[in-house]
Amino acid sequence: MFTHDVTFLELAQEPLLGDLLPYFLSKRKQGLITSDPHAKLKDEILAAFDVDVILDGFHYVMEQRKRGVEVFRRFYSEEERLADATKDETCLFYLPSKNPIPGHPFMLICPGGGYGVVEAMVEGFPVAKALNEMGINVFSLKYRVGHEGTIPMADADLHAAIRHILDHADEYGVSREYALMGFSAGGHLVCSFGTHNRGYLKADLPKPQMICSCYSAVELPLGEDAERTRIWANFIGNPDATLEALTAFSPIRNMDATFPPTYVWQTLEDVVVSPNNAKMLRDRLSELGIPHKCNLIPHGPHGLGLGTGTEAEGWLSDAVTFWRSLNQEENK
């Protein structure tokens with residue numbers, strides 16, 4: 001069992017976890033395994049991240065693998081990965097419930113990380129464990145990040161992952177109904193999947209029952225901040241992008257009545273993604289008459305994940321209650 005003082009080297013040496021590190025640690029943190037063998041996880045994470053929760057997530061993944069679950073799954077074929085080496089950076093973490101509710105839709109999580117890393121250790125594994133305890137089967141997506149044009153790549157990864165899960169639903173023992181949950185940049189990704197111009201309709205995929213938007217960027221800083229605009233232009237793969245071109249990647253500006261029911265939460269003290277994003281999403285959902293619930297939490301930083309021990313704690317149960325209420329309405 002890992003302790004608070006666990007080093008990156010110790011994580012890498014754990015047989016049930018070490019091979020997964022490239023899919024949830026940044027390249028800088030991976031480099032510490034060899035450059036600084038004494039570097040500790042707790043000293044290299046954001047203040048908002050709860051070490052106890054992270055370690056609990058690690059232990060849960062190890063427990064799953066110990067009982068024979070094939071956690072690491074590819075969703076691109078070998079041929080596709082040979083043709084495009086960046087696709088080798090992707091994977092699904094398959095985390096099934098020990099006691100799944102028969103026929104219950106699965107959840108696909110897209111952790112955040114500013115399109116530079118995918119923080120599964122904060123927003124993937126611990127959240128999956130909590131959902132598993134509610135009888136829900138979970139997948140956590142490692143999408144491509146850190147490239148010029150990384151957003152279109154991430155879009156393609158999400159589409160391919162959903163198609164793969166649905167095509168192999170019997171193998172995974174999951175329903176063909178599903179919901180999406182995204183945090184920060186991952187929230188931008190899943191909210192984009194709900195839009196008419198870049199989402200499930202364009203991908204010819206079934207509509208998710210719900211999108212859970214967790215402190216997500218749904219409006220881009222178009223023209224407000226030159227540096228941030230430049231960063232987003234790089235994310236879409238067009239450094240010279242016009243504001244009109246960038247608008248296509250702003251979920252709030254591309255929503256219509258086909259957008260899925262949505263649960264939204266964010267803290268009002270978030271200084272990384274403005275809380276106005278959650279408020280704008282709430283207001284747009286209201287305008288469109290789409291079922292939704294918005295949970296604005298007075299205090300707390302960006303990146304809380306489960307929010308254990310903070311004012312945000314309990315948001316996940318609230319989101320699942322909202323999700324299940326949608327199914328109840330549909331079955332009336």
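**View 1. The largest nonpolar core of this predicted model has 115 residues.** A nonpolar core is a set of buried Ala, Val, Leu, Ile, Met, Phe, Trp, Tyr and Cys residues joined through side-chain atoms within 4.5 Å. Buried means under 20% relative accessible area (1.4 Å probe, protein chains only). Phe24, Phe58 and Trp315 have the most contacts inside this core. Helix α7 (residues 150-167) supplies the largest share, 8 residues. Helices (H or I, at least four residues) and strands (E, at least two) are DSSP runs, numbered from the N terminus. The model is predicted: local features need pLDDT of at least 70, side-chain atom pairs count only at pLDDT 80 or more, and totals for chains, interfaces and linings use all residues. Residues are numbered from 1 along each chain as its sequence is written, and side-chain values use heavy atoms, with hydrogens and water left out.

**View 2. Phe58 and its contacts.** Contact means heavy atoms within 4.5 Å. Phe58 touches Phe2, Leu11, Leu17 and Phe24, and also Leu41, Met121 and Phe125. Residues up to four places away in sequence are not counted.

**View 3. Helix α3 (residues 51-66) crosses helix α6 (residues 125-133) at roughly 65°.** Their axes come within 8 Å. Axes are lines fitted to C-alpha atoms, for helices over the stretch in contact; angles run from 0 to 180 degrees between N-to-C directions. The crossing is left-handed, meaning that the near helix is turned anticlockwise from the far one by less than a right angle; clockwise would be right-handed. From α3, Val53, Asp56, Gly57, Phe58, Tyr60, Val61 and Gln64 take part. They meet Phe125, Pro126, Lys129 and Asn132 of α6. By class, 6 residues are nonpolar, 3 polar and 2 charged. Here Ala, Val, Leu, Ile, Met, Phe, Trp, Tyr, Cys and Pro count as nonpolar, Asp, Glu, Lys and Arg as charged, and the others, Gly among them, as polar.

**View 4. Helix α7 against helix α9 (residues 185-193).** The two axes come within 10 Å and cross at roughly 65°. This crossing is right-handed. Ile151, Ala154, Asp155, Leu158, His159 and Ile162 of α7 meet His188, Leu189, Val190, Ser192 and Phe193 of α9. The contact holds 7 nonpolar residues, 3 polar and 1 charged.

**View 5. An open sheet of 8 strands with mixed pairing.** The order is β1-β2-β4-β3-β5-β6-β7-β8. Two strands pair if DSSP finds at least two bridges between them.

**View 6. Strands β5 (residues 178-183) and β6 (residues 211-214) pair in the parallel sense.** The pairing runs over 4 bridges. Met181 has Cys212 of β6 as its bridge partner.

Definitions and conventions:
Buried < 20%, exposed > 50% of the residue type's maximum accessible area, 1.4 Å probe, protein only.
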